[in-house]
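Me: I'd like to learn how to read a model like this one. Can we go through it piece by piece?

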Amino acid sequence: MTNAATEPAAEKPGLGDLAEIFYAPRAVFARRSDGSFGLAYVALVILGVAIFFATRSLVQPAIDAEISRSLAQAAAKNNMSADAMASATSMAHTVASFGIAAFYLIAPFLIALFIWIIGMLAKVEAVGKTAIMISVFSFYPRLVGSVVGAALAALLPDGSLNSAASLSLSPARFIDPS
């Protein structure tokens, strides 16, 4: 017979999971086997948007370079006037500002849909809420990547932020963006 007072209490999902997902993901997924994702999702959206707006001034040169390159290609293809270019540039900056919030709001559900479809094809049971939970937690390394990108932007010399890839530690940062 076991004594309930001497047994360790079963850990419940909580805010500690947001940090623990980086070093003990198996334990986080075991605790959340019921698919609970609400707190992690809200924290992901809040942290993602906060990190973006906190680091926006650092990463703005890379965003501007991407917008300029895309609009130059569109202008060459569609013979855009200067007024149309100015309007498109303004719209692109607005979309970039609010697009990140939409990204963190919508993307976890799109990825969960993909996981759910693969799970159904593989005939895995109980994929629904678990797929969303897995998807939400899979975005947490992206938050760290955003902070690393901002640190790179702060440390790199002016003019070296010529693409979004220049904000990463991947080999893509060394490839010419054009």
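Me: What covers the buried residues of helix 5?

Reply: First, the ground rules. This is a predicted model, where local features need pLDDT of at least 70 and side-chain atom pairs count only at pLDDT 80 or more, while totals for chains, interfaces and linings use all residues. Residues are numbered from 1 along each chain as its sequence is written, and side-chain values use heavy atoms, with hydrogens and water left out. Helices here are DSSP runs (H or I, at least four residues), numbered from the N terminus. Buried means under 20% relative accessible area, exposed over 50%, and partly exposed in between (1.4 Å probe, protein chains only). Now your case: the cover over the buried residues of helix 5 includes helix 1, helix 2 (25-31), helix 3, helix 4 and helix 6. Those buried residues are Thr130, Ala131, Ile132, Met133, Ser135, Val136 and Phe137.

Me: Take serine 135 from that group. Which residues is serine 135 in contact with, leaving aside its neighbours within four places in sequence?

Reply: Contact means heavy atoms within 4.5 Å. By that rule, serine 135 touches Ala107, Pro108, Ile111, Ala112 and Ile115. Serine 135 counts as buried because its relative accessibility is 0%.

Me: Let's go to helix 4. How far apart are the end C-alpha atoms of helix 4?

Reply: The general idea is to compare the real span with an expected one, which is 1.5 Å times one less than the number of residues. Helix 4 (residues 82-121) has 40 residues, and its end C-alpha atoms are only 51 Å apart, short of the 58 Å that a straight helix would reach.

Me: Where does helix 4 bend?

Reply: A bend at a residue is the angle between axes fitted to the seven residues ending there and the seven starting there. Helix 4 bends by about 35° at isoleucine 106, and proline 108 follows within four residues. Just after the helix, lysine 123 takes a positive phi of about 60°.

Me: Which residues of helix 4 are buried?

Reply: An α-helix has 3.6 residues a turn, so residues three or four places apart point the same way. The buried set in helix 4 is Ala88, Ser97, Tyr104, Ala107, Pro108, Ala112 and Gly119. These residues pack against helix 3 (38-78), helix 5 (128-138) and helix 6 (140-155).

Me: And leucine 110, buried or exposed?

Reply: Leucine 110, which is also found in helix 4, counts as exposed because its relative accessibility is 54%. Glycine 99 lies in helix 4 too, but at 29% relative accessibility glycine 99 counts as partly exposed.

Me: On to helix 6. How far does helix 6 reach from its first C-alpha to its last?

Reply: Helix 6 has 16 residues and reaches 23 Å, close to the 22 Å expected. Its buried residues are Tyr140, Leu143, Gly149, Ala150, Leu152 and Ala153, and they pack against helix 1 (16-20), helix 3, helix 4 and helix 5.

Me: What separates the C-alpha atoms of alanine 150 and threonine 55?

Reply: They are 95 residues apart along the chain, yet their C-alpha atoms are separated by 5.9 Å. Leaving aside neighbours within four places in sequence, alanine 150 is in contact with Thr55, Leu58 and Val59. Alanine 150 is buried, with a relative accessible area of 4%.

Me: Last feature, the pocket. How much space lies in the largest pocket?

Reply: Rolling a probe the size of a water molecule over the atoms shows where empty space is left. On a 1 Å grid over the protein atoms alone, a pocket is an open set of points where a 1.4 Å probe fits, with protein on both sides within 12 Å along at least five of seven lines; lining residues have an atom within 4 Å of a point. The largest pocket holds about 610 Å³. Of the 20 residues that line it, the closest to its centre are Phe52, Ile63, Ile100, Ala164 and Leu167.

Me: Where does the largest share of the lining come from?

Reply: Helix 3 gives the largest share, eight residues. Helix 3, helix 4 and helix 6 each supply at least two residues of the lining.

How values were computed
Grid points are joined across faces, edges and corners, and a volume is the space filled by probe spheres set on the points.
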